[in-house]
Amino acid sequence: TNPQSAINRHPQLTHQQALELYAQVLAADVNPRLTAEAIYRRGLIYQRTDDPDKAMAEFSQLVNRFSKTSDAEIKGMVEDAILRLPKLSGSSGDVDAAIQTAKAAVQLAQNKADSLTLAQAQFQLASLYYQSGDKKQQQGAAKLFKEAYTNALKSKDSQPSATALINAASIAGLMLTTEAMVTEIKEKDKGGMGGGGGMGGM
């Protein structure tokens, strides 16, 4: 099978048939762009069929092999793979690994100067910080949710996904800020309830 024809035939194939054809493209390894696209599309198929471990393996392979490419098309696939990895890590239950990949995604998005992509990456990282249960990370989550909200607004993107992100980041940031304020008030109240109070002078 010609590698390019395998790529072009994907929409007409079942997921399994597409995976097999992409495996042939990878075995041939005759063209870096076709090889990168085959790995990327295998990752997408595994993600769509709810197999996060295999999707992560494909996207990680793409990033490891092609992160230093100068080819614009391959670079676009690598960047998208990096942004997909935190969500996949989180769904596999490994929050620590997801946080590391989410940090890399935020850094990548900052370099791209794309406000909406940055907002998405920051929202992912903030969500993972909150899930971690670590107090320091949860404090960082509130700040990141606010930054995600600001960057989503900056993008001026009217797509439903952008609007949903703006709303979610706004609510999450507000909830965490309020939660922190309530905790602080409770701690101050505890400190002020020590000796000497009451109605002793009556």
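The following is a working conversation about a predicted model of a protein.

User: What is the mean pLDDT of the protein, and how many of its residues reach 70 or more?
Analyst: The mean pLDDT of this predicted model is 78, and 74% of the residues reach 70 or more.

User: Which elements have the lowest and the highest mean pLDDT?
Analyst: Helix H1, residues 3-8, has the lowest mean value, 51, whereas H3 has the highest, 94. Over residues 195-202 the pLDDT is below 50, and that stretch has zero contacts in the model beyond near neighbours in sequence. Where pLDDT is low, the predicted coordinates should not be read in detail.

User: Turning to H2, what span should its residues give, and how far apart are its end C-alpha atoms?
Analyst: H2 has 14 residues, which at 1.5 Å a residue should span 20 Å. The end C-alpha atoms of H2 are 20 Å apart, in agreement with that expectation.

User: Which residues of H2 are buried?
Analyst: The buried residues in H2 are Ala18, Leu19, Leu21, Tyr22 and Val25. Viewed down the axis of H2, its buried residues fall within an arc of 165 degrees, so they line one face of the helix.

User: And what follows H2?
Analyst: Asp29 follows H2. This residue lies in the loop between helix H2 (15-28) and helix H3 (32-48). Asp29 has a positive phi of about 45 degrees although it is not a glycine. With a relative accessibility of 42%, Asp29 counts as partly exposed.

User: What about Asp50: where is it found, and what is its phi?
Analyst: Asp50 is found in the loop between H3 and helix H4 (52-66). Its phi is near 55 degrees, again a positive value in a residue other than glycine.

User: Is Asp50 buried or exposed?
Analyst: Asp50 is exposed, its relative accessible area being 69%.

User: New topic: how many salt bridges does the structure hold?
Analyst: The structure holds seven salt bridges. One of them joins Glu37 to Arg41, with the closest N and O atoms 2.7 Å apart. Both residues lie in helix H3, four residues apart, about one turn of the helix. Glu37 counts as buried at 15% relative accessibility, while Arg41 counts as partly exposed at 22%.

User: Which pair links distant parts of the chain?
Analyst: Glu58 and Arg42 meet through their side chains in a salt bridge of 3.1 Å, N to O. Glu58 is in helix H4 and Arg42 is in helix H3, 16 residues apart, and the pair links distant parts of the chain.

User: Are Glu58 and Arg42 buried or exposed?
Analyst: Glu58 counts as buried at 8% relative accessibility. Arg42 is buried as well, with a relative accessible area of 12%.

User: What does Arg84 form a salt bridge with?
Analyst: Its partner is Asp80, and the closest N and O atoms are 2.5 Å apart. Arg84 is partly exposed at 25% relative accessibility, and Asp80 is partly exposed at 24%. Elsewhere, salt bridges that share partners join Arg33, Asp71 and Glu73 into one network.

User: Last one, Asn151: where is its place, and is it buried or exposed?
Analyst: Asn151 is in helix H8, residues 135-155. At 9% relative accessibility, Asn151 counts as buried.

User: Which side chain does a polar contact join to that of Asn151?
Analyst: That of Gln122, through a polar contact of 2.9 Å. Leaving aside neighbours within four places in sequence, Asn151 is in contact with Ser115, Leu116, Leu118, Ala119 and Gln122.

Conventions. Residues are numbered from 1 along each chain as its sequence is written. This is a predicted model: local features need pLDDT of at least 70, side-chain atom pairs count only at pLDDT 80 or more; totals for chains, interfaces and linings use all residues. Side-chain values use heavy atoms; hydrogens and water are left out. Helices (H or I, at least four residues) and strands (E, at least two) are DSSP runs, numbered from the N terminus. Buried means under 20% relative accessible area, exposed over 50%, partly exposed in between (1.4 Å probe, protein chains only). A polar contact is a pair of N or O atoms within 3.5 Å; within protein, one must be able to donate a hydrogen and the other to accept it, and residues adjacent in sequence count only if both atoms are side-chain atoms. Contact means heavy atoms within 4.5 Å. pLDDT is the predictor's confidence in each residue, from 0 to 100. The expected span of a helix is 1.5 Å times one less than its number of residues. The arc is that of the directions from the helix axis to the C-beta atoms. A salt bridge is a side-chain nitrogen of Lys or Arg within 4 Å of a carboxyl oxygen of Asp or Glu.
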